Amino acid sequence: SSGQLAESLRTVAGEVEDAYAVGVDVVVVGDAQMTEHLDAVLAAAREALVNAAKHAGVATVSLYAEVEQQAVVVYVRDRGVGFEMDEIADDRQGVRGSIIGRIERHGGQVNLRSTPGGGTDVEIRMPTT
């Protein structure tokens with residue numbers, strides 16, 4: 001894994017913007033060298049952005065990442081239509097597999113909050129130590 005996290009996140013955000021005609025507001029505080037664990041964070045963040053772009057029905061999505069001493073935390077937020085977690089079928093691998101499963105396999109955690117009509121908040125946390 002080459003490169004830096006901040007640049008990689010901005011690249012992914014740009015790709016999602018181009019593919020789905022949605023704006024992604026990117027704020028990255030700090031930076032880190034890419035690792036296998038951060039590759040997983042990047043892929044999960046991309047999936048969260050794509051989900052928001054496809055399903056939220058909003059013009060912009062926000063991506064906020066912070067490199068802390070013990071962890072890298074990435075938030076993907078939209079103010080869109082939201083959904084009921086319980087109503088996601090188990091066979092819909094997007095959220096469960098591409099985001100939660102991928103991060104947990106690398107020792108991180110995902111906190112996903114969504115309310116119908118109230119938008120969706122995906123928090124991805126990956127220990128760096």
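In what order do the strands of the open sheet stand? In this predicted model, where local features need pLDDT of at least 70, side-chain atom pairs count only at pLDDT 80 or more, and totals for chains, interfaces and linings use all residues, the 5 strands follow the order S1-S2-S3-S5-S4, with mixed pairing. Residues are numbered from 1 along each chain as its sequence is written, and side-chain values use heavy atoms, with hydrogens and water left out.

A word on terms: helices (H or I, at least four residues) and strands (E, at least two) are DSSP runs numbered from the N terminus, and two strands pair if DSSP finds at least two bridges between them.

At the edges, S1 and S4 (109-115) each pair on one side only. S1 (residues 23-29) runs parallel to S2 (residues 60-67) through 7 bridges, with Val 24 opposite Val 61, whereas S4 and S5 (residues 119-127) are antiparallel, also joined by 7 bridges, and there Asn 111 faces Glu 123.

Turning to the helices, the axes of H1 (residues 5-20) and H2 (residues 36-55) come within 10 Å and cross at roughly 25°, which makes H1 roughly parallel to H2; axes here are lines fitted to C-alpha atoms, for helices over the stretch in contact, with angles from 0 to 180 degrees between N-to-C directions, and angles under 35 degrees count as roughly parallel, over 145 as roughly antiparallel, 65 to 115 as roughly perpendicular and the rest as oblique.

Finally, where contact means heavy atoms within 4.5 Å, H2 lies across S1, S2, S3 and S5, at about 5° to S3, while H1 lies across S1, S2 and S3 (71-78), at about 175° to S1.

Technical notes: A crossover is right-handed if, with the strands pointing away from the viewer, the path from the first strand over the helix to the second runs clockwise.
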